[in-house]
Amino acid sequence: MTIDRSNTHTTEDLQQIDNDHVMHPWASMGQDDPNLGVVEKARGIYMVDRDGKRFIDGPGGMWCVNIGHGRQEIADAMAEQVSRLGYVSPWTASTEASVLLAERLAAEAPGDLNTVFYTTGGSSAVDTALRFIQFYNNIKGRPEKKVFIAREKGYHGSTYLSASVSGKERDRKFLDTNTDFVRFLPNVNPYIRPQGMSVDEWRDAKLADLENMILEVGPEKVAAFIAEPILASGGVIVPPKGYHKGCLEICRKYDVLYISDEVVTGFGRLGHIFASEKVFGITPDIITCAKGLTSGYVPMGAAIISDRLINEISSDDHSDILFSNGYTYSGHPVSAAVALKNLEIMERENLCAHVREISPYFQERLRQLGEKHEIIGDARGMGLLGCLEGAAAPGTPEAKRLAIDHEFGHRMDVGAEKRGLLVRPLINMCVFSPPLVITREEIDKLFDILDETISEVESDMLG
Ligand SMILES: Cc1ncc(COP(=O)(O)O)c(C=O)c1O
């Protein structure tokens, strides 16, 4: 049977087939058909649906289309690589693209993070980092050092292991995760600190949470701390200044490794290829990355591991010890060729410098919305990451509040879409991470649409 792609299907046909045959991530088990929009094409910061309607891509795909949509150079790099070599087993061979990309990533990563383990995306990068640490401690003869400390609201992926260290409680409700060797620290969001507490006091309390947790479990049992520099899917939570450095110092004190999950913050989102050192002043033991590595054009991720860790477990007697972890598509030549071209474009167009220059304006416009609208409880972000958190039901009991929060998110979604902006509602939050190529005029357009949408939602919900 040949697949008919001759545009004879109406949008409704495609939605029906989608509803019948595709299970999307985070699929609802409700009876309603989701009827997701069908995107036809995309250019720069815009996506176009099948009726020709143009939308600003507020979330930048899924925090990933950093260089913007529709780059012919990426298509050419893919075509060139496919026609030269479409695939080779990473078990038995290397390719020019994957080798050169690893060299480049090692040069960009801080400190002695020089060894790249390629994965298929962010979840598998986190999975690999966690498995590597288990492996490392087993080889070092301390199999009891296995507990991972993670954080509430953190998101690290959707494999069993990466989901086990993800702390979004609603995501864990009906799915099993491993709870034997994972502990969660409470929410670090300064927005929820008690009245009268300074941000510095909040930071110190959060650092104490980490230290107390390590002591409670026993440092000899704690393997690693895993943290996103900014908790992205948890609602763009920016921890207080000095938090990451403090966490790293505590980890060092107790011989606990530090994984910095840069799946969202990497590749220019905060104005640097990696944010750990350049923005937060830390050199972790492992950085995980994906998304912006290829700007979302093809799947790829990586765990970049410190030489120190590798050296500690390498010796002449260990040739029979294998790190039996890997993927058919580890270091895929087409993905690597795309990642190299992506980095070349970022460099040529000075996209990191552009983000550093333009993000204060982005953040200013975001915060103005928080000040202007009563229905916005918090407007926060950093770089080209932003979040508006709705406060449509302050003081309402939790059980009732959820429905109102959902309604706020839904109205924001519908209102923005009507005006030509796609946002990503997370219950009562809208998060933004537009392509890094966004201009000042486009930032104005994005926030003007939000401003109008919030006014409408505010008058509908608060009267
Ligand atoms: C910080 C972080 N880590 C890991 C992941 C998982 O990445 P992927 O969806 O590519 O598996 C995500 C996805 O959003 C993420 O935000």
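Helix α5 (residues 122–139) gives the largest share of the shell around the ligand, 3 residues. Helices here are DSSP runs of H or I with at least four residues, strands are runs of E with at least two, and both are numbered from the N terminus. In total, 16 residues surround the ligand, and the closest are Gly 121, Gly 122, Ser 123, Gly 157 and Val 263. To be counted, a residue needs its C-beta atom, placed from the backbone, within 6 Å of the molecule. Sorted by class, that shell has 6 nonpolar, 8 polar and 2 charged residues. The nonpolar class is Ala, Val, Leu, Ile, Met, Phe, Trp, Tyr, Cys and Pro, the charged one is Asp, Glu, Lys and Arg, and the others, Gly among them, count as polar.

Before going further, a word on the model. It is predicted, so local features need a pLDDT of at least 70 and side-chain atom pairs count only at 80 or more, while totals for chains, interfaces and linings use all residues. Residues are numbered from 1 along each chain as its sequence is written. The mean pLDDT (the predictor's confidence in each residue, from 0 to 100) is 96 for the protein chain, with 99% of its residues at 70 or more. Confidence is lowest in strand β14 (residues 424–426), at a mean of 84, and highest in strand β9 (residues 286–289), at 99.

Now zoom out. The domain assignment, which is automatic or from a database, gives domain 1 (11–67 + 350–462) and domain 2 (74–348). Their centres, taken over C-alpha atoms, are 26 Å apart. Domain 1 puts 26 residues into the contact and domain 2 puts in 22, where contact means C-beta atoms, placed from the backbone, within 7 Å. On the domain 1 side, the elements giving two or more residues are α2 (60–63), α13 (351–372), β11 (376–382), β12 (385–390) and β15 (429–432). Of these, α13 brings the largest share, 5 residues.

With β11 it pairs in the antiparallel sense over 6 bridges, Arg 380 being the bridge partner of Cys 387. The two strands form a hairpin with 2 residues between them, and Gly 383 in the turn has a positive phi of about 55°. β12 and β15 are antiparallel too, over 4 bridges, and Cys 387 stands opposite Val 431 in β15.

Phe 267 has a phi near 60° and is found in the loop between β8 (257–261) and α10 (275–278). Phe 267 is buried, with 30 other C-beta atoms within 10 Å. Ser 295, with phi near 50°, is found in the loop between β9 and β10 (301–306). Ser 295 is buried as well, with 28 other C-beta atoms within 10 Å.

Notes: Contact = placed C-beta atoms within 7 Å. Buried ≥ 20, exposed ≤ 12 C-beta atoms within 10 Å, placed from the backbone. Pairing = 2+ DSSP bridges.
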